[in-house]
Amino acid sequence: MRRIRSTFASALVGATLLSLSLSGIAIGADWGEPVTIWSSSAETYNKFHSWPVGLVTAGGSALVASYGETVAETGATDIYVVRSADGGLTWQPRVRVSRPGSATRDSWARSISSYGTAVDVAWLEDSANRGIRYSRSLDGGVTFSPSISLSGGSGSYPDVARGPNGLVVVAWNAFNKGKLFIRVSHDGGATFDSKRALWSGHYDHNPSFSVAVGDGIVYAGVGLPGEGVLVRKSIGGSSWSASTQLAYAGSGALGFQLVAEGQRVYLGYTKPTATGSAPWVRRSINGGATWSAGVKIAPGNDALAWPRMNLSGGVVRVTYGRTVTTTNPATTEVFYQQSSDGTTWSTPTSVSTTPANYSIPIGVAHGDHTVVAYKHWAPVHYSGDIQVRVGTD
């Protein structure tokens with residue numbers, strides 16, 4: 001299955017928030033009513049702010065969503081998970097997985113993954129040593145282990161992925177060293193191999209980074225200005241292939257994600273167009289040995305956000321943000337599409353909430369039903385709600 005990281009959200013906010021204002025969106029018949037799992041009500045506005053992490057399945061009807069909550073007065077941020085046992089219709093009380101936040105223990109830049117009933121969360125604990133920490137659940141997100149340190153130093157922007165047979169990977173950027181590191185676990189996250197640098201010689205504070213695990217194959221990708229999206233793969237995480245350039249998107253649009261299942265692996269990425277940008281997808285059905293040509297999945301050229309993907313049962317499901325009206329006031333919606341071959345895609349469906357002056361995708365998961373999650377800015381409370389919607393499939 002897959003994880004989602006939240007760093008794209010903060011970049012997107014800074015670029016577009018000031019130009020966006022209220023507009024209406026029709027709710028599609030194939031999706032249930034929105035369910036709010038974090039509320040930016042009048043009581044919390046300007047006191048608490050949330051940044052979404054992602055949404056994953058945790059076996060059957062169980063879902064787990066994760067987010068960071070910041071106390072505005074102190075700057076402290078904690079990482080929480082919330083769990084649904086009925087496919088997203090109702091949600092249980094949240095559980096904190098990070099150590100309690102403080103002025104020097106600000107947890108952010110986080111990621112979530114799952115496989116079966118196991119759930120993994122990784123984040124940067126922004127204390128003096130900027131360490132990468134990790135926690136796991138083996139009971140579908142009901143309880144989580146005490147977090148462990150995977151790296152000190154100057155880590156940032158971690159990503160985590162889990163696959164079959166206890167294979168777990170966590171990767172992050174160490175920007176002061178100009179290196180991107182990865183650690184691999186072969187026992188379901190109980191222990192990890194020593195860290196290994198997959199790319200070095202760059203000093204970008206915010207490179208795009210993604211990892212995925214298929215049937216014994218680990219994939220790692222990085223987006224570097226001037227080089228595009230580079231991908232390496234490994235059997236079991238020991239020796240690694242050379243880098244393969246799968247998308248050249250330029251320095252301003254390197255957002256991308258890898259997802260894998262069995263021998264299938266998908267790359268979703270954002271590619272500039274003459275009038276904006278659009279989400280594209282490439283697919284491999286032989287463990288990354290060869291790749292299909294890129295396919296643009298969104299209509300028009302006005303997509304904003306990177307595609308957020310899930311690969312389950314051979315079907316790839318994608319959500320992405322798209323600017324619907326570009327004149328002031330502008331409107332940004334979250335759309336959904338799916339495909340069984342990476343070439344032919346379902347009709348785009350709007351899944352974000354009315355009104356939606358600004359909505360960004362968090363993720364998509366598939367258990368008993370397809371469920372999407374997104375961050376929604378209401379007309380006044382710009383800290384925004386985190387909402388999910390359940391599909392009828």
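Five aromatic pairs are found when the whole structure is searched, a pair being two rings of Phe, Tyr or Trp (its six-membered ring) with centres within 6.5 Å, classed as stacked for planes under 30 degrees apart, edge-to-face for over 60 and tilted for the rest. The structure is a predicted model, in which local features need pLDDT of at least 70 and side-chain atom pairs count only at pLDDT 80 or more, whereas totals for chains, interfaces and linings use all residues. Residues are numbered from 1 along each chain as its sequence is written, and side-chain values use heavy atoms, with hydrogens and water left out.

Among the aromatic pairs, tryptophan 31 and tyrosine 336 have ring centres 5.2 Å apart and planes at 75°, so the pair is edge-to-face. Tryptophan 31 belongs to the loop between helix H1 (7-16) and strand E2 (35-38) and tyrosine 336 to strand E25 (residues 331-339), so the contact ties together parts that are 305 residues apart in sequence; helices (H or I, at least four residues) and strands (E, at least two) are DSSP runs numbered from the N terminus. Both tryptophan 31 and tyrosine 336 are buried, that is, under 20% relative accessible area with a 1.4 Å probe and protein chains only.

A tilted pair is formed by tryptophan 172 and phenylalanine 181, at 6.0 Å centre to centre and 35° between the planes. Tryptophan 172 is buried with a relative accessible area of 1%, and phenylalanine 181 is buried with a value of 7%. The charged end of lysine 195 sits over the ring of phenylalanine 181, 4.5 Å from its centre, where the criterion is NZ of Lys or CZ of Arg within 6 Å of the ring centre and within 35 degrees of the ring normal. The charged end of arginine 322 likewise sits over the ring of phenylalanine 335, at 5.3 Å from its centre.

Notes: Buried < 20%, exposed > 50% of the residue type's maximum accessible area, 1.4 Å probe, protein only.
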